[in-house]
Amino acid sequence: MKHFTNRYIFIFSAVMVIIVATILSMAATLLKPQQEKNLEVEKKKSMLESINIPADRNNAEGLYSKYIKESRVIDSKGEEKKGIDAFTVEMKVEQKKAPADQSLAIFFATTDDGEKVIILPLEGKGLWGPIYGFISLKSDMNTVFGVTFDHKGETPGLGAEINTTAFESQFKGQKIFEDGRFVSVKVLKSNEKPIENHSVDAISGGTITSKGLEKMLFDCLLKYEDYLKKNAK
Amino acid sequence: MSTNEKEPIFSARNLKLFTAPLSSENPITVQVLGICSALAVTVKMKPAIVMALSVMIVTAISNLVIAAMREYIPDRIRIIVQLVVIATMVIIVDQLLKAYAFDVSKQLSVFVGLIITNCILMGRLEAFAMANKPWPSFIDGLGNGAGYGIILIIVSFFRELLGSGSVFGYPVLQKLGVYSTHYENNGMMILPPMALILVGGIIWFHRSRNRNLIEK
């Protein structure tokens with residue numbers, strides 16, 4: 001084995017690191033537009049799924065412009081904020097701000113039956129990482145029309161089950177207010193007593209994800225409480 | 001080994017470098033490397049094939065790069081250098097998948113990143129690329145990636161067929177009308193333990209066909 005001086009080793013490492021950094025930053029910059037486009041399509045697709053319209057990556061853009069025509073940004077008091085595109089508002093970023101400064105996105109959709117629904121974004125924590133999704137409410141601003149959830153890396157077969165239709169469909173028809181009081185929808189284990197109109201079954205083996213999802217629903221919907229009460233029909 | 005010695009690109013020796021890892025030196029069933037990812041990404045065939053291709057590309061190119069600079073890599077930091085090369089390749093593959101195969105990259109999620117820790121890569125770099133010329137190392141990388149891929153594809157074929165009733169996303173069993181005979185998909189197939197049992201089954205089959213592999 002050839003002997004290398006310390007000086008050589010330091011220079012070798014420095015040069016290697018610089019070359020690698022250049023290659024990686026180039027790759028990241030060049031591929032960024034395409035990746036962002038993918039995320040945008042993905043977001044549109046989830047929104048469509050939350051109003052029970054199955055979409056895939058190819059038709060998501062078209063269906064989105066067909067069904068989801070309007071969007072609005074409000075503050076925590078339910079007043080409209082002008083000059084912000086709701087699509088660019090990220091719940092994850094907003095949650096870090098003080099409640100009074102938060103911008104909240106609302107999307108308005110009309111289904112094929114003429115049902116007017118609103119779509120609200122959700123963002124919370126699962127067991128291993130973020131979980132997120134959308135919930136759509138009927139025009140009474142109370143009844144759940146549909147939900148869609150997704151996750152970054154929950155345990156396959158356990159927590160990851162939150163994005164299955166079997167779990168998501170339980171939410172349809174649940175209510176988030178009881179006599180004008182905000183109660184959200186609880187995710188309960190089998191030994192807990194179900195609450196009529198306000199609970200769904202948790203995923204067995206996915207307790208922490210299920211509870212994280214319950215907290216996500218509560219926290220995110222609570223931000224919209226004023227708006228929902230004002231606009232209920 | 002003389003550096004002037006010319007050897008045809010696809011000499012018998014080089015071809016053997018590619019074919020040996022497919023069977024008699026298979027990284028999964030014989031060397032028992034890279035098992036963890038083999039369990040994780042074999043629920044469906046499509047992610048398994050993408051994972052196989054990714055590993056093939058990463059092993060081949062990092063083998064090539066390491067072999068090309070093997071004379072210049074200081075012995076004392078060689079493991080770090082190997083890891084840097086592997087990590088760079090993996091990040092590039094991950095970025096490419098995110099840009100051009102978004103759905104698959106979502107399914108593979110963390111496992112693309114975990115190629116970095118796949119023992120096959122470090123194993124081949126240490127055992128082969130550090131001591132051989134770039135071209136044979138490249139072939140060796142391709143071969144080992146392919147050997148890993150073959151097992152992934154076999155395992156995912158059975159897991160998808162028996163667990164989800166489809167092959168490559170196509171609902172075969174439904175089309176054949178098997179469900180009308182009260183047949184049900186085996187949910188166990190989708191869970192990781194079944195992959196371990198299948199890999200075990202493949203190793204058993206492999207050894208029963210190839211007596212040389214049985215330890216004395």
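**Setting up.** I am working with a predicted model, in which local features need pLDDT of at least 70, side-chain atom pairs count only at pLDDT 80 or more, and totals for chains, interfaces and linings use all residues. Residues are numbered from 1 along each chain as its sequence is written, while chains are lettered from A and ligands numbered from 1 in the order in which they are written.

**Chain A.** I looked up the secondary structure and found 6 helices and 10 strands in chain A. Helices (H or I, at least four residues) and strands (E, at least two) are DSSP runs numbered from the N terminus. I then checked the spread of the chain. Chain A has a radius of gyration of 22 Å, well over the 17 Å from the globule rule for 233 residues, so it is more spread out than a compact globule. The radius is taken over C-alpha atoms, and the rule is 2.2 Å times the number of residues to the power 0.38. Along the principal axes, the C-alpha atoms of chain A fill a box of roughly 80 × 45 × 35 Å.

**Where the chains touch.** I counted 20 residues of chain B in contact with 20 residues of chain A; contact means that the C-beta atoms, placed from the backbone, lie within 7 Å. Helices H4 (78-100) and H5 (102-108) of chain B each supply at least two residues of the side that touches chain A. H4(B) gives the most to that side, with 10 residues.

**H8 and H10 of chain B.** I looked at helix H8 (residues 134-164) and helix H10 (residues 192-209) of chain B, which pack at an angle of about 120° with axes 10 Å apart. Axes are lines fitted to C-alpha atoms, for helices over the stretch in contact, and angles run from 0 to 180 degrees between N-to-C directions. H8(B) and H10(B) are therefore oblique to each other. Angles under 35 degrees count as roughly parallel, over 145 as roughly antiparallel, 65 to 115 as roughly perpendicular and the rest as oblique. Among the residues that meet are B:Ile151 and B:Phe158 in H8(B), and B:Leu198 and B:Ile202 in H10(B).

**H3 and H7 of chain B.** I found helix H3 (residues 45-68) and helix H7 (residues 119-127) of chain B packed at about 25°, with their axes 10 Å apart. That makes H3(B) roughly parallel to H7(B). The residues in this contact include B:Val58 and B:Ile66 of H3(B) and B:Leu121 and B:Arg124 of H7(B).

Terms used: Contact = placed C-beta atoms within 7 Å.
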